[in-house]
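My notes follow the order in which I looked.

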Amino acid sequence: MVSDRIIWVDNTVTINWAWTSQPKWRAETELLNATSLLNNLAAPTSDSDRWIWKFGTYSTCAFVSHLTELAASSSPITDPTITNSLIPQKIGIFIWRAKQNKLPVRTELDKRGIDLDLTRCPVCDDDQETLQHALLACKHSIEIWNRILKWWKLNSLHIANLKELSKCSNPSFNSHTGLAIWQAVVWTTSYFIWKNRNDFVFGNAKQSCPKIVSDIQSKTFEWINSRWKKGNLEWLQWISNPLSFDVNPNTKAGIG
Ligand SMILES: [Zn+2]
């Protein structure tokens, strides 16, 4: 109980921690900071205890109501830049989280005070694991992107940062449809890179880049074919020359 740990004698606070093991490293610093806050503590009044947060007295009900408001004002459903009807919504939600840098890479977890042994990239161990590194700069990811570019006979991804990942603009396409299908492939590739990173972190074997790319090819083929109402992909054409449908600028599909 708090009353067992914080003891008042003659209006002076004494803290009786009774640790089973003494806090160390970052926990010790946090403890010192927290203890200094307690120095200004006023003697207890007869009021019953309550939680205060920036919106007044805290309750689960107040929390849910604020969360609902927040979710309504900022959501992938209301963000028109994160819509591609050729692939499942979970991919769009993933890209929306990536755009806002809200995926749990190690440097972000560290910033939020979660104690990790290390913040280096679990896949390559060459650099700090930021989201930009994980999705775009890790050598494992670069190899996947290079294979995707080779498949599409393109020279460059034209994506320098996470914000550009959601737009996917690329001068190589003639039609709205072409760009929508390319965006579906880029988003799915990002999703597979992240999924593969997680599988590896949580104990599964690292998949080879050719295997991941072949999974991306078959998944995008399946997803696009089942959702694209005005068109149809042929498997052999899809894996040998995916740009071949990108001829008619008047056909519209996918984005928006
Ligand atoms: Zn890496």
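The entries below go from the whole chain to single residues.

**Ground rules.** I am working with a predicted model, in which local features need pLDDT of at least 70 and side-chain atom pairs count only at pLDDT 80 or more, while totals for chains, interfaces and linings use all residues. I number residues from 1 along each chain as its sequence is written.

**Whole chain.** I find 11 helices and 4 strands in the protein chain, taking helices (H or I, at least four residues) and strands (E, at least two) as DSSP runs numbered from the N terminus. The radius of gyration, taken over C-alpha atoms, is 25 Å, well over the 18 Å that the globule rule gives for 256 residues, so the chain is more spread out than a compact globule; the rule itself is 2.2 Å times the number of residues to the power 0.38. Along its principal axes the C-alpha trace spans about 85 × 40 × 25 Å.

**Domains.** I note a division into domain 1 (1–49), domain 2 (51–79) and domain 3 (83–245), with bounds that come from an automatic or database domain assignment. The C-alpha centres of domain 2 and domain 3 are 31 Å apart.

**Helix pair.** I looked next at α4 (residues 89–99) and α9 (residues 176–201), which pack at an angle of about 75° with their axes 10 Å apart; axes are lines fitted to C-alpha atoms, for helices over the stretch in contact, and angles run from 0 to 180 degrees between N-to-C directions. That makes α4 roughly perpendicular to α9, a term covering angles of 65 to 115 degrees. I list I91, F94, I95 and A98 of α4 against W187, T188, S190, Y191 and W194 of α9 as making the contact, where contact means C-beta atoms, placed from the backbone, within 7 Å. By class this contact has 7 nonpolar, 2 polar and no charged residues.

**W187.** I then turned to W187 in helix α9, which counts as buried because it has 23 C-beta neighbours inside 10 Å; the cut-offs are 20 or more other C-beta atoms within 10 Å for buried, 12 or fewer for exposed, and partly exposed in between. Leaving aside residues up to four places away in sequence, W187 touches N84, I87, I91 and I95.

**L157.** I place L157 in the loop between α7 (139–152) and α8 (162–167), and I record it as partly exposed, with 19 other C-beta atoms within 10 Å. Not counting residues up to four places away in sequence, L157 touches W145 and L149.

Terms used
Angles under 35 degrees count as roughly parallel, over 145 as roughly antiparallel, 65 to 115 as roughly perpendicular and the rest as oblique. Two residues are in contact if their C-beta atoms, placed from the backbone, lie within 7 Å. Ala, Val, Leu, Ile, Met, Phe, Trp, Tyr, Cys and Pro count as nonpolar, Asp, Glu, Lys and Arg as charged, and the others, Gly among them, as polar.
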